[in-house]
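Please read these notes with the model open beside you, and look for each residue or element as it is named. The points go from the whole chain down to single residues.

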Amino acid sequence: MSENYIPSTMQWVADQVAEYEASGGTRANTLRDTGIPVIIVTMTGSKTGATRKIALMRVEHEGNYALVASKGGAPTHPGWYYNLLADPSVMIQDGPVPSAYTVREISGDERAQWWERSASVFAPFLEYETKAAEANRVIPVFIAEPAG
């Protein structure tokens, strides 16, 4: 991944990523005041080729992670969705050290199973699903599996 890092345009996301990484995952490791753990996902921007970083809900099962492109149920996918489609190689930091993963978008029964896991971690995903459906959007779910 490029060393040309462009922080999120949302200041609170940029601040959270910076604090998480600086502390080795001991600070800024939950979604704001919810107490729900997050992971830091590092990817390559599809338009810029620059390194991009986001915090996502920590939905882990047997060493794999769900990356839910909810965007709060908005009618469009988040920008990072297109980054993952363009380059499925990511780094995930869940604690002190980032590790390499490969992502793939899932559907059908596999998506249903991971969606259930995701909603059990972060119940608002269910509300987001309803909002997205009103705009004829299905919220994409990726699975991140250890690379190699």
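The numbered points below describe a predicted model.

1. Overall make-up. The protein chain contains four helices and seven strands, and from the N terminus on these elements follow one another as α-β-β-β-β-α-β-β-α-α-β. The radius of gyration is 14 Å, close to the 15 Å that the globule rule gives for 148 residues, so the chain is as compact as a globular protein of that length. Taken along the principal axes, the C-alpha atoms fill a box of roughly 40 × 35 × 30 Å.

2. Of the 148 residues, 43% count as buried, while the chain exposes about 7,600 Å², of which carbon and sulfur atoms supply 52%. If we take the contacts with a separation of 6 or more, 63% of them are between residues 24 or more positions apart.

3. The sheet. The seven strands form an open sheet with antiparallel pairing, and their order in it is E2-E1-E5-E6-E7-E4-E3. E2 and E3 (60-61) stand at the edges with a single partner strand each, so one side of each is left without a neighbour in the sheet.

4. Strand E1 and its partners. E1 and E2 pair in the antiparallel sense over seven bridges, and one of the facing pairs is Val 41 with its bridge partner Ile 54 in E2. These two strands form a hairpin with six residues between them, and in the turn Gly 49 has a positive phi of about 75 degrees. E1 also pairs with E5, again in the antiparallel sense, over three bridges, and here Ile 40 stands opposite Gln 93 in E5. As for E2, this strand is mostly covered, since five of its seven residues are buried.

5. The largest nonpolar core. This core has 21 residues, and those that touch the most other members are Met 57, Ala 66, Val 68, Trp 114, Phe 122, Phe 125 and Val 141. Two or more residues come from each of helix H1 (11-22), strand E1 (38-44), strand E4 (64-68), helix H3 (108-121), helix H4 (124-134) and strand E7 (141-146). Apart from this core lies another, of 17 residues, which includes Trp 80, Leu 84, Val 103 and Phe 142.

6. Helix H2. Which residues of H2 (79-86) are buried? They are Trp 80, Tyr 81, Asn 83 and Leu 84, and, seen down the helix axis, the buried residues fall within an arc of 160 degrees, so they line one face of the helix. Gly 79 and Ala 86, on the other side of H2, are exposed. The cover over the buried residues of H2 includes strands E1, E2 (51-57), E4, E5 (89-93), E6 (98-105) and E7.

7. Helix H4. In H4 the residues Phe 125, Tyr 128 and Ala 132 are buried, and they cover an arc of only 55 degrees around the axis, which puts them on the same side of the helix. Glu 127 and Glu 134 are exposed on the other side of H4, whereas the buried residues of H4 pack against E2, E4 and H3. After H4 comes Asn 136, whose phi is positive, near 60 degrees.

8. Phe 125 and Ser 70. Leaving aside neighbours within four places in sequence, Phe 125 is in contact with Met 57, Val 68, Ser 70, Trp 115, Ser 118 and Ala 119. Ser 70 lies in the loop between E4 and H2, and yet this loop residue is buried, with a relative accessible area of 8%. Not counting residues up to four places away in sequence, Ser 70 touches Phe 125, Tyr 128, Arg 137 and Ile 139.

9. Two loop residues with positive phi. Glu 62, in the loop between E3 and E4, has a positive phi of about 55 degrees although it is not a glycine. Is Glu 62 buried or exposed? At 72% relative accessibility, Glu 62 counts as exposed, because the cut-off for that class is over 50%. Lys 71, in the loop between E4 and H2, is likewise a residue other than glycine with a positive phi, near 50 degrees, but Lys 71 is partly exposed, with a relative accessible area of 43%.

Technical notes: Residues numbered from 1 in each chain as written. Predicted model: local features only at pLDDT ≥ 70, side-chain atom pairs only at ≥ 80, totals over all residues. Heavy atoms only, no water. Core = buried A, V, L, I, M, F, W, Y, C linked by side-chain atoms within 4.5 Å. Buried < 20%, exposed > 50% of the residue type's maximum accessible area, 1.4 Å probe, protein only. Contact = heavy atoms within 4.5 Å. Arc of directions from axis to C-beta. Rg over C-alpha atoms; globule rule 2.2 N^0.38 Å. Areas by Shrake-Rupley, 256 points an atom, 1.4 Å probe, with all protein chains shown as cover. Pairing = 2+ DSSP bridges.
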